[in-house]
Each structure stands twice: as structure tokens, then as C-alpha cells.
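Me: Please examine the model below and answer a series of questions about its helices, cores and backbone.

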Amino acid sequence: MPDAPLPTNETAPVDPNLWLEEVEGENALAWVRAQNDRTVAELQADPRYAGFEAAALDALNSRERIPYGAVRDGWVYNFWQDDVNVRGLWRRTSLKSYATSDPEWETIVDFDRLSADEGRNWVYKGADCLRQVGKPARHCLVSLSDGGKDAVINREFDLATRAFVPDGFVTPEAKQGVAWVDADTLLIASDWGEGTVTDSGYPFIVRRWHRGTPLDAAEEVIRGARTQVGVWPMVMEMDDGRVLQGAVKAETFFTHSYWWLPDGEADPVRWPIPLKSSPYGIYKGQFLLSLEEDWAPEGQTDSFMSGDLVAFDAEAFLATRQLPEVALVFRPDATQAVNGVAIAKGAALLSISDNVVGRVMRLETGADGWIRTPVGLPGSGQAGVAFADEHEDTVFLNYEDFLTPDSLLSYDITTGDIESLKSLPGKFDASGLKAEQFFATSKDGTKVPYFIVHKGDMPLDGSTPTLLYGYGGFQVSMNPAYSAVTGRLWLEQGGAYVLANIRGGGEFGPAWHQAGLKRDRQRIFDDFIAVGEDLITRKVTRPERLGIMGGSNGGLLMGVMLNQRPDLWNAAVVQVPLLDMLRYHVLLAGASWVDEYGSPDVPEERAFLETISPYQNFDATKPYPTPFFVTSTKDDRVHPGHARKMAKRFEDAGLPFLYYENIDGGHSAAANQTERAKRSALEFTYLSERLFDE
């Protein structure tokens, strides 16, 4: 049987490909393996493939990578993968050693050895370590996924003994959330049995679990509803170290209520902030949050705009349970957006996007309000906060752009000085390359920015093979970033790379995202088409030389582009996509996204989805370019059935297509560097055949 229900509308035609939604079904996997074998054989026969795979693997496994990490009590903790440590090492080194060119690393957990010893396919998903004022970090919850799924188990680890804790906290596998209250107490949201997860597959009941007691005996502290996206535990810390227990209820994907669980009280208390807002924590007693909607606090003089960063006195709220006076911290202009606030011990750092380039500012409270001081950087590239923690006075910044490899900078909170800790040599030949920003005019007149990386002497005669990448959803910004794989496998070959900053993203704040929600989503597609047409108008390329790529929500974009403008591109890499938009809400986490796409169960929203859904709008008479579908069996976020069923439509119509499904890998479609290199080599071999050779 399929893992999702059949359509309930008796007049709707039955989908003949529902059997492909059975993720581990024998027939479905037989079809997948046959497509994998065919596609891999075809692409690996290309003489470029072997070189591409070797180049990608060398870049991904190179020891010349910055070992980004988290600082705890004078140690830098890092997760590292290479050709020897395929599943990776969790390791640490002292801050002093970290600053050298060749740090002395101490292995904490070898996940290859752990997987071998336990006979499991463990993929490391991170570690959450308890921090307490005046006490060293010791208790950690290590998240492990079977093959890369979003569902994980959490196992307690002791940093002092460097071993998993016998009879320590261990959770069953689930899509879950945990938060430390103290060394002996956790808040946990999980799958508690039938009827305890939302329609999206996430938990909605939070319990308080004490050490030494059975998990099923943990006391419930807050619950949401099955119709919500989910409920997760959270804690916030006051400046004096007091821990505020709490939870966040995601009523929809973009609306959240935040709750405080006062000690000794049965009823949760809601933080008085808008449903569309993002808290960043408490700095010098001030609760900082950004707004995704306009806000006029009741009884107050000032009102605020969507996109603003604001603050209020947290202690005053805790004492009165009433909203104190709210103050403006930062208001972005038309080309800016708040990316977030990182709080360190003694500093708060604001990251913004400024015309799609990252900037960092330091925030301080003053007699006349908030003071914002730009953090001096060594150039005009992309910058962001790589590490900051309220228990540590060490701050790391990241700096890069399309042609400049990562640099790790140390920011001195006391002096404001910036010091280069680590910088990388180039991982591809960038000589003669340049990056430029242009604007395309969308159908409704909106100016849509995009970046293009190309050879400085690129002829403007339409001859350049060009790869256009887009996402356009969920307020996710697409910023300039250095990619050794794209550089080696595409730019070095003479191709141009384009990054489109279409609506739906967060490049210009909440309004840029909200302009493309639900029935307004065609604007996003029009933006992407406009960028493609602008590249042709500028004679950078022509349709025969233009390919597109996108994953997840960007995979939906690719599917729509295949249907709406098959004449505009000659290649499409459709990665871990959503494609059946009339059933997406009943597949895995799909129900959580109805606030983005609209619901097929709402007639007027379904009517729009019927016009854009790639699967339903497939038309065998259209001049489709040969697409390449890429997905993962272990993806428990976007169902692999989307890609399978769309590819089957091409197969049944006798149209050419390529298909590759990684049996492991989760939503990234790759569980380790070897798989990432293989997937990249397959994709760029396909793109080279379609755009260089055609």
C-alpha cells in the first residue's frame, strides 16, 4: 500500500503512479535501481565524468578546508569529514592550537568506528551541549540519523570522559526537539505514540524529563494541536544565568507563538510578541526580535514595520506579565534585510543583507537608544557571524564571495579588532573571472537582481554555456558564496554561473518573500523567467546553452520552468523536488508548507495549484529539454515520490530523461563526501553534455 492516502475526491482520476510513493516498496525500488543503473552508466561513459568526480572529491575531502567549530571552555569543537573519515570525526583542539596552521586535534567520536561497532549507518546531525554560568560544558546530546533522515535519536555524551553516558539520556528515533534545563532535566518534544504528531509529522507535545526516570513517565508541560506544524522546546537565559524554560508553537510555517513555563506554575505564559516575528535572545536584559509583520503594540506610542529589529525589557515582562515599552533597534532600508542577531558574552552582533551582500554591525544600548557600529572587514565580500555564544567571549566571522575562498576572522569584543585566523588558497583557477550584479525586469515591472560569474573576456554573442540557479521561497536568501565544486566542474570549463535573487527569498526582507506566497507564486516564476530572458537579451547565452538548477522548493521551480518555458532552457537539474502540488500536503512534511504554497483542500488555492503543479501539467507534446531528476530514498522531508512520479511521466510518454536516487542521504541527497562528489559529477557531466556539446 502507498504510505499516503488516496485522493478523497471520488471524481478525481486515480493517479496510476501512486505505487511509486511507497518509499521502500519492492516494485518502487526496483524501478529506482533500474533508472539509477541506466543513468549512471550513461553519464559515467562520458570521458569527463571520471575527472569531474575526482576533482569534486578532491575539493570536498581536501585538508585545506577551514574547520569551522563551536567554542566551549577554551576548546574548539569541529565535525570533520574526508576520504579517510567518511562518516566523520567529532573532534576538538585548544583555542591556542586552533590559531596555528596545523592544530593538534583530539578525536571525541569517530562515527565510522561507531557505525561499524554498532552495525548502523549513522549520520551525525549535531550536538547540543548544556551551558551553565560558572560551570564547564560537560553534558551533550549527540543527534544521530539512520542514513541521513530528519528523524534522529539523541544520546547523552560526557565531554569529560569523552564517552557516551551509561544509562544516560537516550531518545527513540523520531522527528524531535530537545533542550537542556539543567544537568538532570530535559524538555523534549517527540512522537509519543498514535495521535501525538501533527499532520506534518512533527511533535506537538512537550514533556519535562528528569534523569533516572522512564521517558514515558515524563510530565507534560505544554501541547499544541495536530493541525499545527509542530511544537518544540526552547530555553532562554537571562544575563545572571537564570534559565527560562519554554516552548514555541508553530501554528503555521510562518506564524509562531512563544511560551514561558514559569517555575512552579502549571499554566504557560505567552511572550507578547507578534505571531510573525523571530526572537534572537536576551542581551543586557533586552529581548531582541525581528518582525515579519507590522506591529502597533497596544497602548504604546510607537509602531513598527515588517522587517524592523526591536527590543523590550525582559525583566520587566517577567515581573508584570505585561509588554514593556518597545524600542526600535534597526530599521533596514529598501535594499536591506535583517538576517539575525548573534549574542556573545559581552556583545550582540547584527547580520544584515545589504543589496544581497552580508554585513555585520555591533549593537549596544545607550542613553539615547541603540547604537549600531559597523564591524570593519578586509573587503567588500560576503560576511556573517560564524560563531557566537552568550557563554563565550570568542567570536568568529566568516568572509567570502564567489571568487574569494572562505576566511575565518576573529573579532575581539573588547577592542573591536579583526584578526585573520585562517584563510584558504583558491580551490579552482579564478584567473580572468569576474562577478557582476545585474537586474532583470519581471512581468510586473519589479527589478530582480542576479549575480553572474564569468570570464572577463566572455564574448557577448550568446555562445557561453550558462547555469542559472534559483530557489525563491521560505524567506531563504541566496547570497554570494565560494564553491570549489562549481568552480572546478563548471567555471574552469568555460561556463558562466548565475545566481538569481528572485522573490520568495529573504534578500530584501519579509515583503520580498511575502510577495510570492500562495496564489501570488506566479511572480516568483516570472522573476526566474525574466532573469533567463535577460541573460539572452544581454547575449550572454542562448536557450541551447542555458541550463537551470534548483533543489527542494527550487526543485518545484525547476518543474514549473519545464512546463512554462521549455523553450528557454536546454537542461534542468531537478533536485529533491516538490512536483505533485495537489498531493504534497499529504506526503511527509508537506502539510507544514501550506502557508507557503496554499492548500489543495481550499478550493480557490487548489485552483491556482492546478495551474502550476508540474506533475499535473506535464504535456507530452511540449518540447521539453531532457531533465535530470535527483532525489533520495532517505529524504523524510520532501517525499521521493515527487521525483519518481514525474520521471515516470516522461518514461511513459517515451521522452528522454535522467534519474538518480541516492538510497541514503536525506534531504541533501548525499550522506557523505563520496556521495556528494558522485552526485555533483553526475550533474555536471549532464550539464556539460547538454550545454557544451549541443
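Reply: Buried means under 20% relative accessible area, exposed over 50% and partly exposed in between, with a 1.4 Å probe and protein chains only. Helices (H or I, at least four residues) and strands (E, at least two) are DSSP runs numbered from the N terminus. This is a predicted model, in which local features need pLDDT of at least 70, side-chain atom pairs count only at pLDDT 80 or more, and totals for chains, interfaces and linings use all residues. Residues are numbered from 1 along each chain as its sequence is written, and side-chain values use heavy atoms, with hydrogens and water left out.

Me: Which residues of α12 are buried?
Reply: Helix α12 is mostly covered, with 9 of its 12 residues buried. These residues pack against α1 (26-44), α9, β35 (627-632) and β36 (658-662), where contact means heavy atoms within 4.5 Å. The buried residues are Gly641, His642, Ala643, Arg644, Lys645, Met646, Ala647, Lys648 and Phe650.

Me: How many Å apart in space are Arg649 and Phe618, C-alpha to C-alpha?
Reply: Phe618 is one of the residues that Arg649 touches. In sequence the two are 31 residues apart, whereas their C-alpha to C-alpha separation is 7.5 Å.

Me: How are α8 and α9 oriented to each other?
Reply: Two packed helices are described by the angle between their axes and the distance between the axes. Axes are lines fitted to C-alpha atoms, for helices over the stretch in contact, and angles run from 0 to 180 degrees between N-to-C directions; under 35 degrees counts as roughly parallel, over 145 as roughly antiparallel, 65 to 115 as roughly perpendicular and the rest as oblique. Helix α8 (residues 522-537) and helix α9 (residues 553-564) pack at about 70°, with axes 11 Å apart. The two helices are therefore roughly perpendicular.

Me: How many residues of α9 are buried?
Reply: Among the buried residues of α9 are Leu557, Met558 and Met561. Helix α9 is largely enclosed by the rest of the structure, because the number of its 12 residues that are buried is 11.

Me: Which residues touch the most other members of the largest nonpolar core?
Reply: A nonpolar core is a set of buried Ala, Val, Leu, Ile, Met, Phe, Trp, Tyr and Cys residues joined through side-chain atoms within 4.5 Å. The largest one has 103 residues. Those touching the most other members are Leu468, Phe528, Val531, Met561, Phe629 and Leu687.

Me: What is the phi of Asp167?
Reply: Most residues other than glycine have a negative phi. Asp167, in the loop between β8 (163-164) and β9 (177-182), is exposed with a relative accessible area of 80%. Although Asp167 is not a glycine, its phi is positive, at about 60°.

Me: Where does Lys518 lie?
Reply: Lys518 also has a positive phi, near 50°, in a residue other than glycine. Its relative accessible area of 26% makes Lys518 partly exposed. Lys518 lies in the loop between α7 (510-514) and α8.

Terms used. Lists of a residue's contacts leave out its neighbours within four places in sequence.
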